[in-house]
Amino acid sequence: MPVVTYTLLRLALFAVVTAGLWAVGMRSWLAPLAGLFLAWALSYVLLGRQRAAAARFVQERAAVRAPRTTRADEDASYEDAIDDAQRRTRPAD
């Protein structure tokens, strides 16, 4: 669940920054836009540990899921092997 935690922390940071901008008087459509950029920059600085944990979690899940070989992949490997064998036996020009 580190991905969910990281996402919720980023959303909370966005809400706090936007509310702060609204409280200091920026009451237009620019407040959420500025809040988005400020929250992005702050999350990069403040949430490095959570970001690393989320990346590690996603990487581990991807490693667990073994790459599935399809029939097309097997055919392509077979054709590549035939091409390689023909190149080795063909005389150089």
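E74 is partly exposed, with a relative accessible area of 42% (buried means under 20%, exposed over 50%, partly exposed in between, using a 1.4 Å probe and protein chains only). This is a predicted model, in which local features need pLDDT of at least 70 and side-chain atom pairs count only at pLDDT 80 or more, while totals for chains, interfaces and linings use all residues. Residues are numbered from 1 along each chain as its sequence is written, and side-chain values use heavy atoms, with hydrogens and water left out.

**Overall form**
- The protein chain has 4 helices and 0 strands; helices (H or I, at least four residues) and strands (E, at least two) are DSSP runs numbered from the N terminus.
- The radius of gyration of the protein chain is 25 Å, whereas a compact globule of 93 residues would have one near 12 Å (taken over C-alpha atoms; the globule rule is 2.2 Å times the number of residues to the power 0.38).
- Along the principal axes, the C-alpha trace spans about 80 × 35 × 25 Å.
- Of the 93 residues, 13% count as buried.
- The accessible surface is about 7,700 Å², with 64% of it belonging to carbon and sulfur atoms (Shrake-Rupley method, 1.4 Å probe; for residues, only the protein chains shown count as cover).

**Helix α2**
- Helix α2 covers residues 30-46, and its 23 Å from first to last C-alpha is close to the expected 24 Å (1.5 Å times one less than the number of residues).
- A31, G35, A39 and S43 are the buried residues of α2.
- They sit on the same side of α2 because they cover an arc of only 90 degrees around the axis, taken from the directions from the helix axis to the C-beta atoms.
- These buried residues pack against α1 (2-23) and α3 (48-64).
- The face turned away from the buried side carries the exposed residues F37, W40, Y44 and V45.
- S43 has 1% relative accessibility and so counts as buried.
- Leaving out residues up to four places away in sequence, S43 touches R10, L13, G48 and R51 (contact means heavy atoms within 4.5 Å).

**Salt bridges**
- The structure holds 3 salt bridges, each a side-chain nitrogen of Lys or Arg within 4 Å of a carboxyl oxygen of Asp or Glu.
- R71 is exposed at 61% relative accessibility, while D75 is partly exposed at 35%.
- D84 and R87 meet at 3.4 Å, N to O, and lie 3 residues apart in helix α4, about one turn.
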